[in-house]
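Please look over the structure shown below before reading on. The report that follows takes up single residues, then helices and sheets, and ends with the confidence of the model.

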Amino acid sequence: MWFKLPKNKSTQKTILNIIFIYLSTTILLVITLSFLYITNQKEQIFTLHQEQSKLQANYIIEQLEILHDNIENEIAIYPKLDGVESAIYDIDKHLIYSTFKDKIDILDKQYLSTNNFTYFIYKVEPYYLGSAYLVIKKETTQEIKLKSQKIMLIVFFIILFIIFTSLIIVKLLIKPLSDNLELLDRFIQDTTHELNTPISAILNNIEMLDTQQLDNKNLKKINRIKIGATTIATIYDDLSFLLLNNKAKSNNKEINITNVLNQRIDYFQIIAKSKKIDFIIKNSVNIFLYIDLVKIERLIDNLISNSIKYSHPNSKIIITLNHGLLSIEDFGIGMSRDEISNIFTRYQRFNTVVGGFGIGYSIIYNIIKEYNISLSIDSIKNQGTKVTLKW
Amino acid sequence: MVRLLLSISILSTFIFANTFTTNCLSCHHNKKELKLFMANYTLKYSSERNIKNAIFRFLNNPTSYRSIMPYYFIKENGYKSKSNLNDTDLKKAIDIYYKKYKINNFIK
């Protein structure tokens, strides 16, 4: 496609906002200018009609005078001009004679405007044939309609042109941004492929080690290696999920969430222990959910891994699983309101001290969106965060 | 009922015509003259109401100021004496005169 918006939601929003502001202001300007032009044209037509009608009125008054002077004649033929409609009224504003059928109220004005016509009113004195007012009728709609149609057509093409140019401008503006995002995505994709084999090798070999033969010093070192490798493995799982599984079709089935949760807690025990964090688990027995296994694992892993990451050392994490509810509560650095509102933005991290790519909540968002799971975050800065999922 | 109304209408027209004929046409025989009077009144007063009022005022109390005739005409011929008709009859006669000689009747 000639024009493609970046996938990132906030970038899309910014671009759309820019297009909206640019388009709305320029279109408003064009419409205002065309409105002023049409108003000006209307005034010009009015002035032209006024001048024409003045000349016509003078002629008719002259003719009325002649008719009045020759009143002895049997009949007085009212002066009729080609394409000019007129009427005469007496001093009490009663109609004497008219070439048109419209009923109008003669007020002490110089003209009277209706939707389609303008009536120019001239005072006559002396009252030839009794006429105190002479009215000349002019049609205005047709001329203005034609001019307005012309202007609207021009405005339409100008707006099309503005839309076209705005798209070009936005395309030029977002090009560096899109290139960078694409580069980042490609880098993560390549790195992920390369990470798989070494991580598996490290973890498998650690598991195969005979810990009985190791002294305390070496056991501690092996544990640290295992923590590091587990952390990298989690990141690897997240990245490969984002790049591969997220796009694949979900393999949904009834999953025992209680079992999955316990397994994932076991998996993270080693990392939690390294920060001296205790898990307090409040589980109901066997909760089931119709979901893809990989996705529920990613969901739970990300929530637990975040809570460990942002917990204070020597604290606890309370995990509650109940029918239709899973909550994970930590006692760590917490988040501000702004941070919570930006939480689902990809690559958003709130603390650069702790590791991670800031893709955790992006994964969580995609999964809860797919399964209509609601997520609420209660957090107080420097006190902790409680994340609750409801389905 | 229709006949009765028609008869009343014709009768009343006849009575009013008589008022105008007896009291006005006895002196003003010339139709052109009557038409010119109306033209002069129309030129000065424009509307039916104003014209009738002006004629009524003049006939009730004729003065050179109230006359529509030129100054030299009045100076030479004077103006008519006060009408003997009561206000109602005078108004009826004026109504008939206006109806017959109003300018609108002659514009085509």
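B:Ser46 counts as buried because 27 C-beta neighbours lie inside 10 Å of it, and burial here asks for 20 or more. In this predicted model, B:Ser46 has a phi near 70°, which is a positive value in a residue other than glycine. Its place in chain B is the loop between H2 and H3.

A:Asn314 in chain A also has a positive phi without being glycine, with a value near 60°. A:Asn314 counts as exposed because it has 10 C-beta neighbours inside 10 Å, where the limit for exposed residues is 12 or fewer. This residue is found in the loop between helix H5 (293-309) and strand E9 (316-322) of chain A.

Helix H2 of chain B, residues 31-45, packs with helix H3 of chain B, residues 48-60, at an angle of about 115°, and their axes are 9 Å apart. The crossing in which H2(B) passes H3(B) is right-handed. From H2(B), the residues B:Tyr41, B:Thr42 and B:Tyr45 take part, and they meet B:Asn50, B:Ile51, B:Ala54 and B:Ile55 in H3(B). Sorted by class, this contact of H2(B) with H3(B) has five nonpolar and two polar residues, and no charged ones.

## A helix pair in chain A

In chain A, helix H4 (residues 257-274) and H5(A) have axes that come within 10 Å and cross at roughly 35°. H4(A) passes H5(A) in a right-handed crossing. On the side of H4(A) the contact is made by A:Ile257, A:Val260, A:Leu261, A:Arg264, A:Ile265, A:Phe268, A:Ile271 and A:Ala272, while H5(A) brings A:Ile296, A:Glu297, A:Ile300, A:Asp301, A:Ile304, A:Ser305 and A:Ile308. By class, the contact of H4(A) with H5(A) has 11 nonpolar residues, together with one polar and three charged residues.

## Two sheets in chain A

Chain A has seven helices and 12 strands. Five of its strands form an open sheet in the order E2-E1-E5-E4-E3, with antiparallel pairing. The edge strands of this sheet are E2 (95-98) and E3 (111-113) of chain A, each of which pairs on one side only, and the twist averages 20° from one strand to the next. E3(A) and E4(A) pair in the antiparallel sense over three bridges, and A:Ser113 stands opposite A:Thr118 in E4(A). Between strand E4 (117-123) and strand E5 (133-139) of chain A runs a loop that holds A:Pro126, and the peptide bond from A:Glu125 to A:Pro126 is cis, with omega near 0°.

An open sheet of five strands in chain A has the order E7-E9-E10-E12-E11, with mixed pairing. Strand E7 (278-283) and strand E11 (374-380) of chain A stand at its edges, and because each has a single partner strand, one side of each is left without a neighbour in the sheet. Neighbouring strands of this sheet are turned by 10° against each other on average, with direction ignored. Strand E10 (residues 325-330) and strand E12 (residues 384-390) of chain A run antiparallel and are joined by six bridges, and A:Leu326 stands opposite A:Leu389 in E12(A).

Of the 391 residues in chain A, buried residues make up 23%. Among the contacts in chain A with a separation of 6 or more, 68% are between residues 24 or more positions apart.

The contact between the chains takes 19 residues from chain A and 15 residues from chain B. On the side of chain A that touches chain B, the residues divide into 13 nonpolar, three polar and three charged.

## Confidence

The predicted model scores ipTM 0.80 and pTM 0.53. Chain B averages a pLDDT of 82, and 83% of its residues score at least 70. Among the elements of chain B, the highest mean pLDDT, 94, belongs to H3(B), whereas helix H1 (residues 2-25) of chain B has the lowest, 62. Where pLDDT is low, the predicted coordinates should not be read in detail.

Conventions
Residues numbered from 1 in each chain as written. Chains lettered and ligands numbered in written order. Predicted model: local features only at pLDDT ≥ 70, side-chain atom pairs only at ≥ 80, totals over all residues. Axes fitted to C-alpha atoms, helices over the stretch in contact; angles between N-to-C directions. Helix = DSSP H or I, 4+ residues; strand = E, 2+ residues; numbered from the N terminus. Left-handed = near helix turned anticlockwise from the far one by under 90°. Contact = placed C-beta atoms within 7 Å. Nonpolar A, V, L, I, M, F, W, Y, C, P; charged D, E, K, R; others polar. pLDDT = per-residue confidence, 0-100. Pairing = 2+ DSSP bridges.
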